[in-house]
Amino acid sequence: MKKIVIALAILPLSMCAQPKKFSTTSEQWADSLYQTMTLREKIGQLFMVAAYSNKDQKHVNQIEKLISEQHIGGVIFFQGGPYRQAKITNTLQNKSKIPLLVGIDAEWGLAMRLDSTYRYPYNMSLGAIQNNELLYKMGQQMGHQAKRLGVHFMFAPVVDVNTNPKNPVIGGRSFGESKENVAEKSLKLIKGMQSTGVYATAKHFPGHGDTSTDSHHTLPILKFDKNRLHDIELYPYKRIIPEGLASIMVAHLEVPVLESEKGRPTSISYKTVTKLLKEDLNFDGLIFTDALNMKGASNYKTPGQIDLEAFLAGNDVLLFPENVPLAVDLFVKAIEQGKLKEERLAESVKKILKHKHQANLHRTKTVDLYNLTKDLNPSIADDLSFLLYKNMLTALKNNNLVIPLKATEKIAYIALGNATSKNFEKALKKFGNITVVDADDVREDLSEIEGFDRVIIGYHKEDNVWKNHSFSNKEKQIISDVAKQKSTVLVSFAKPYVLGELSSINHLDGLLLAYQNNDFTFEAVANALFGYSEINGKTPVSIGNHFPEHAGLWIDKSHSIEISRASLEGVDADRLNDIKRYTDKVLRDKIAPGGQILVIKDDKIIYDQVFGTLDYENRQEVSQKTVYDLASLSKILGTLPVVMKMYEEGALKLEAPISQYLSEFKETDKANITIKELLTHQSGLIAWIPFYKQTLDDNKRPDKELYSTVPTKNNSLKVFENLYLTNEYKKEMLQRILDSKMGAKKYVYSDLNFILLQQIVERHYQQPLDVLLQRYFLDPMELTTISYNPLSKMDINTIAPTEKDTYYRYATIQGYVHDMGAAMLGGVGGHAGLFGNAYEVGQMMQMFLNGGKFKDKQLLKTSTINTFNTCFYCQKGNRRGAGFDKPQLTASGPTCGCTSPDSFGHTGFTGTMAWADPQQKLIYVFLSNRTYPSANENKLSKANIREDIQQVIYDSL
């Protein structure tokens, strides 16, 4: 179908046929009604007067008078509010014998004119988007919102090709300088809007994109030849007219090649409206004048006269007339004198009436006021805006592949411009190590940015299409000075043209064009800068001598997951938001100080919330960067991947006995425990050994014969700050496992199994577990918060405390592993010791869910993961996989009971959970420090919080 559409666009104009616009019923209704109307009623239909919902009753009374006395055909609303406008609409519709057409100038949605309504991106921002289907959806939403408000004509889109960067009136209202881009995006927006039954109006015919003056104040002159006019300005109209465009608005321009009379605007030029638009371009839709009070028109003729001239030129609807009674009288006189033929009047009036019938005005004229404001601001509009702003981002420079940025980089952020930047700073801090530096301080002393790996400069200008966005000299100097000294990424939240003013672009490592300054762009830029979404926009205009039109680098995301929204992935967002009921309970009942919840569907983050604080004392809020002690999640995220790698290499066999890998176990009652039995907790080993208790003295304090306060050659196992255990105690721990009582080989969850698995992989590879995990998994996946002993890599204030220890270390445990046995192993245990945030736990789980693949890297074989995700002993009542936990076999267990049998994951003592479901392509991560300040009572487990939240997630699918 697409090829056919393109072919039609290049046919000779005389061969371009439009789809049938009206039903037979609409035509019959219009003909019948026309026969009953008086001459003045017919003439009145031609006028669409200005209406404001922010004015007083006197204004409404004046319009009512025009309805009753002059029989006007419609109103065009300007400033005000939706509820007030709807009430006025109902009043006027009830007053009018013939239903009124209601129009509104709403190029970026109703918010262009009305408060409390939705605002979409400006056309030039949309011009950067490569997926034009998004514009169809935007047109649909604009149409639905207009229809809900009782609006029939949206005076949009602007289809002017903005080839003049200094255009004072079009500029950002245009899709750009490419005629093809303008035409395709206009067509999608029009089709989306008209699919809802609301009429689109292309403007400003024949083309206002290369003007240097504003037709609101004077008459712009376009001194083009016909070839140029047809090649550029008229191209979009030739493309969209054959596709069923409902209406066109004619601009007030002086175009000598079309109209020889000097000073005659195109809006009242017969050669322009009738000869060119109606005959040459074969347009038979409704033709509107631009507002007749604009100086570009009103300077040519007086009120009344200008209306008649415009109608004689071929227009159907006279927009914003200044004196309707006078104009109607002049029309009547023109008919009486034979200057205006009845046939010409009938042509336009019947066309207007047919549009009214097609808009169902013969049935419904009034607007339902109930829930109006909410209906005009649906959540799906935010979902679409998320996609629109995400897809417009344009990368113009990326030297040394600085984008995506790394979370480990120390980054200074400098805000320039005169608009808000606070929410962008907040969005950046969600992912990165960001320090805000004052621009004036940097200007005075560049040492302010010493010690940082990189600088981000945000250029924030008021999100207003009419405002001047130019850089000040001071701002230009700051950009130049900073970029010369540090690796710098400039993000411009302003019109694209302003970048042409910069002479220092060559010094920038990164340059990102965000087009507008609002929360949607802030989120989109932060996500993209830190690799959680790709960048694929193209500049809709050329930027000075720096970049041509359609410039833009494609930058892939660096993570295996990206950020999306629930409803965009087919998930009920309202139901998903019920999760907050449970997090509120956690805080209210002091089940945990705070936590993180992450839900990933089809590789996309659809829910990402933090709640509460790190503790109950300092009240530092949890953020997405907060790192938690993962406790037993260490088994599947730390030990298990290395075990699986060893298995893939043929160095480990599931059926092989432990004694084959650990010689100490030969000739013991544990010699025949298999690797599979260790992994599935079917080994017969006891659940736990409180190793630390034997290292305490009579006062239940760490024994000074075993511990030192400083690291030494013999005491290098760091258990806590100023507490180092003798190196020999690792052997003692292993011996205690050997000496432990052996039980029947049935399901008993035991940490000892994974302490032994740690020993096996470390002996095979001759390297510690943390080094192996880093080399084979964390480094290839570029994960930075998942680590053992996190204080060696990050600030303590980013880590949630786990307990006020009153039995072993006698201090608040923060940044050191909570599990005592793992602490005695130097913080690296096969069963515990791993720390991380929800994002990186989610990515590890995503790697498993994707069959061992992370982006383009196959870290493990799919067959390996499938093998380890097998419930080997289900028939014996043991739900466990080989390392992975599995859904419960009885009434209670680790999940909500709603996951698929293929699902897998684990829970942790500190209040953590990570679960993946291959059937739903779903990952759920819950992190908390429920053990703070005391681990004695597990309120989290008793309250079933993790499981109930998981149920909410499944209910939302």
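In this predicted model, R565 counts as partly exposed, at 25% relative accessibility. R565 forms a salt bridge with D383, the closest N and O atoms being 3.6 Å apart, and D383 is buried, with a relative accessible area of 8%. The two residues lie in distant parts of the chain, 182 residues apart, with D383 in helix α17 (residues 379-392) and R565 in the loop between β15 (562-563) and α22 (573-576).

The structure holds 46 salt bridges, and the table sets out three of them.

| Salt bridge | N to O distance |
|---|---|
| D383 and R565 | 3.6 Å |
| E342 and K42 | 3.4 Å |
| R173 and E107 | 2.6 Å |

In the pair of E342 and K42, helix α15 (residues 342-358) is linked with helix α3 (residues 39-44) across 300 residues; E342 is partly exposed at 33% relative accessible area, whereas K42 is buried at 12%. For the remaining pair in the table, R173 is buried, at 5% relative accessibility, and E107 is buried as well, with a relative accessible area of 2%. Salt bridges with shared partners join R173 and E107 with D105, R113 and K203 into one network.

Turning to helix packing, helix α23 (residues 579-588) and helix α33 (residues 945-956) pack at an angle of about 165 degrees, their axes being 9 Å apart, so α23 is roughly antiparallel to α33. The contact involves I579, Y582, K585 and V586 of α23, together with I945, D948, I949, V952 and I953 of α33, and by class it has 7 nonpolar, no polar and 2 charged residues.

Definitions and conventions. Residues are numbered from 1 along each chain as its sequence is written. This is a predicted model: local features need pLDDT of at least 70, side-chain atom pairs count only at pLDDT 80 or more; totals for chains, interfaces and linings use all residues. Side-chain values use heavy atoms; hydrogens and water are left out. Axes are lines fitted to C-alpha atoms, for helices over the stretch in contact, and angles run from 0 to 180 degrees between N-to-C directions. Helices (H or I, at least four residues) and strands (E, at least two) are DSSP runs, numbered from the N terminus. Angles under 35 degrees count as roughly parallel, over 145 as roughly antiparallel, 65 to 115 as roughly perpendicular and the rest as oblique. Contact means heavy atoms within 4.5 Å. Ala, Val, Leu, Ile, Met, Phe, Trp, Tyr, Cys and Pro count as nonpolar, Asp, Glu, Lys and Arg as charged, and the others, Gly among them, as polar. A salt bridge is a side-chain nitrogen of Lys or Arg within 4 Å of a carboxyl oxygen of Asp or Glu. Buried means under 20% relative accessible area, exposed over 50%, partly exposed in between (1.4 Å probe, protein chains only).
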